[in-house]
Amino acid sequence: MPKDGGIGTSPKRREDVRFLSGTGRYTDDINLHGQAYAVFVRSDVAHGRLNGIDTEAAADMPGVIRIFTARDFEGCGGVPCGWQITSRDGNVMQEPKHPILAEGKVRHVGDPIAVVVAETLAQARDAAEAVMPDIEDLPAIVDMKAALADDAPKVHDELSSNLCYDWGFVEENREAVDRAIKEAAHVTTLELVNNRMIANPMEPRVAVGDYAAHSDESTLYTTSQNPHVIRLLMGAFVLNIPEHKLRVVAPDVGGGFGTKIFHYAEEAFCTFAAKQLRRPVKWTSTRSEAFMSDAHGRDHVTKIELALDEDNNFTALRTDTHANMGAYLSTFAPSVPTWLHGTLMAGNYKTPLVYVNVKAVFTNTVPVDAYRGAGRPEATYQLERIVDKAARELGVDPIALRRQNFITEFPYQTPVAVQYDTGDYHATMDKLLDIADHAGFEARAEESRKKGKLRGFGISHYIEACGIAPSNLVGQLGARAGLYESATVRVNATGSISVMTGSHSHGQGHETTFAQVIAEMIGIDADQVDIVHGDTARTPMGMGTYGSRSIAVGGSAMVRAAEKVINKAKKIAAHLMEASEGDIELKDGQFTVAGTDKSVAWGDVTLAAYVPHNYPLEEIEPGLEETAFYDPANFTYPSGGYGCEVEVDSETGLVEVVGFAAADDFGNVINPMIVEGQVHGGLAQGIGQALWENCAYDADGQLLSASYMDYAMPRSTDLPMFKVDHSCVTPCTHNPLGVKGCGEAGAIGSPPAVVNAVLDALNRGGIAVDHIDMPLSPARVWAAMQGAGANLGAAQPAARSEDTAGGRSVGTP
Amino acid sequence: MIKIEMTVNGRPVSGEVEGRTLLVDFIRQTLLLTGTHVGCDTTQCGACTIHLDGEPVKSCSVLAAECAGARITTIEGMANADGSLSSMQQAFQDYHGLQCGFCTPGMVMAATALLEENPTPSEAEIRHHLEGNICRCTGYHNIVKAVQAASGQDVTPVAAE
Ligand code: FES
Ligand code: FES
């Protein structure tokens, strides 16, 4: 078919019209008849014993309907965790209860204690101010390493310590790795912090619970990336509502970036309260509340060692990571520092031996879970920083050192369990150097020098694992869910099509790209195809959108369902044309009989399926609707080369990103416009992490970065125009579209490129600095330039411990 | 309660508000114009940007009662008379200047106001003008292009850079 809307073209997004005209329907736009408003009373201390809650005065205030506390949830479960990790000693992780409302103790600033439900939002807010929790302060623990000391205050009294798990991977390689490092010609060591992030989708979370007494059905409207997962977790583990009596709808969702994957207490609360009160209950997060109740991301402190032989070949890699879980285990938290991180530690390199140790730690902070990239940015940051540091120590070109160690033959079995199916890392590196005009760098550096600025170029070459995941594999690794995806392709009598997908768009543009695929397969206009998502009552059980999995897993399910539809339609067409089924071809919306001029249109066949007068009823059923569940055979492995060019003001330490280029291999691309947009957004978040964004706590567990005044979101003036390319294509070998996924790459590949660029600028300027922790704020860069001794470290206290690098001092947000 | 009247998207409207009611809440909850969004509680994200007597204003930063008698335009009032998208709205679609769409109404309102003041802004001027509007999805690249295109400047088509 002509390429005016099929695979590989960039039609405009159909969803844009409603977003641009103000007719989008986000959860907060939903107002149900008779709805009441919920406001949460939250802890303002990091750790304390909850001796009681005085609700008397609040209960008498105007408009108050009811005040809920933990006692109301006695018959309910806690917020469940969806992944169980097993420690090196064979014990399963420590898994504390995560109550809907605090029971006996509060464990982080923002921990919900009580909820006021009132007639109006203002009345609920006023009454919430009058709820008086009696909290006896306890010493808070924020520093991960201190949290593991024998006498540390315990976040959960019932656990043996603050250690959630101690995971080793690959445990059998441990001794061989130790030996290789001991015997190496050169070992480069680096201690670094992957700073805590807050995802900050622009739409705050919202939940609206509704209950229909006549049918005993509960409905939850929520800002979620995966409504079926919420239905399963909340129905089965928290509220004991069977699936057929529970509907979860995630309508238009204003960005997610991971933080809207998880099941949150507020969702369970609104669903529960609506049934109790027999009226709809709505909760809308304020931004201030979002900072202390949305799951945070990253927050790893790592020591990494890279061993090289005398020819600079990588011989072994060893890492030792402390990963912050926060006060409770969020839905997928345990998987992030382990299986989503350790399995990526080979990177693009032939390193034969890898050992990763991760200690996950409970602290009195907001729970930490997946944020755009989830584990893979942490792996990439370590690798791409240590390779640069090794190059500097050895006096070799960092690009050449990478190339020398690149994996070049595929499939490639890494020493960390995963097998890469395809890739061409030299190609993406070549493309990057071309689009970044690396050859012209020296001339630009000279121009900067004349202006009194230090210019640097930093590179990073990432690999990620997307399209999570083969269900039997993740089951062995501790997942308590399958990770397939589903689709129903419903062909209507006149030939138009509704696709019901378990994937969910919260900005990715499924309604456009998924329709492109169907249009191409059948040869009809994309306008004839409607994509339905985000409602458990309308879509088959699916696992939702995260981990860059939509097109690779959800798209594959849709292709499989469409293939079934086409096969059946061919049978009908064969009957109509009195031909043999094997001779039927479908092209441009016409069925033809090979070698003849007989044809029948798509619409005639679909009509025959629903008006089966002339129809092979003895062989096939009427109708044309098929469902497929697709369980991937492997992860997909996008990769790419990223280059950042910065100018550093040598007087102030201010870093300006003056150029950023990204050359990605995403396999086949459905809609280049959307893919480029995904990369742009990822780059902004990765550059944000590297230079500005930081979630900071003080030693008492107070959240310092709790609003947009203290948490620096990248703004329009902070970023350059990007150069992005996806012309290097090694198609995925194991899914029907040959696609890999593009949603997270930008956030994964960019932070080390930025940091490497700043260090390159300083070192070229004669200032020998070998590491600065993110975010590279002017204060930190300036301090580093004044001598490494003054290096302001990250805000995470664990990075300030005596045994970590550089004698860092207390951080600033 | 205070009774107020104003003109919104060319139509006279009225309602009762408390003294503390923000303009954005009046727009969303009383007038049910939900295209104007709330992204923060510290007047820093710009998702709530509307035009107040022709000027771009964050509607979470003014009280509804202060706006009695004012002329207000929201995203719902931006389309052309025939219902087609305005040139700015159209440019956002053409250049993929939105993803989740949550910041978009505020962006369109702010960008439209810019062109009224400065019909052919440079990239730096566009970025400077939109500094008060946070977008978490796009990295601003395509928003800048959309505004350049809406102002009639030459822009590389999407997916051809
Ligand atoms: S909601 Fe008005 S500036 Fe954020
Ligand atoms: S499009 Fe999602 S915040 Fe801008």
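Predicted model: local features only at pLDDT ≥ 70, side-chain atom pairs only at ≥ 80, totals over all residues.
Q: What share of chain B counts as buried, and what makes a residue buried?
A: A residue gets that label if 20 or more other C-beta atoms lie within 10 Å of its own. Of the 161 residues of chain B, 56% pass that test.

Q: How do you know how far apart in sequence the contacts of chain B reach?
A: Take the contacts in chain B between residues at least 6 apart in sequence; 57% of these join residues at least 24 apart.

Q: Why are residues of chain B said to be in contact with chain A?
A: The test is C-beta atoms within 7 Å of each other. By that cut-off, 45 residues of chain B are in contact with 46 residues of chain A. On the chain B side, the elements giving two or more residues are helices H2 (87-94), H3 (104-117), H4 (123-129) and H5 (141-150) of chain B. The largest share, 4 residues, comes from H2(B).

Q: What makes up the side of chain B that touches chain A, by class?
A: Sorted that way, this side has 20 nonpolar, 17 polar and 8 charged residues.

Q: How is chain A divided into domains?
A: The assignment gives domain 1 (16-23 + 484-630), domain 2 (31-138 + 202-255 + 260-293) and domain 3 (296-468 + 634-807) of chain A.

Q: How do you know that domain 1 of chain A touches domain 3 of chain A?
A: Contacts settle it: 16 residues of domain 1 of chain A are in contact with 20 residues of domain 3 of chain A. On the domain 1 side, helix H14 (510-522) and helix H15 (550-576) of chain A each supply at least two residues. H15(A) gives the most, with 6 residues. By class, that side divides into 6 nonpolar, 9 polar and 1 charged. The centres of these two domains of chain A, taken over C-alpha atoms, are 40 Å apart.

Key: Residues numbered from 1 in each chain as written. Chains lettered and ligands numbered in written order. Contact = placed C-beta atoms within 7 Å. Nonpolar A, V, L, I, M, F, W, Y, C, P; charged D, E, K, R; others polar. Buried ≥ 20, exposed ≤ 12 C-beta atoms within 10 Å, placed from the backbone. Domains from an automatic or database assignment.
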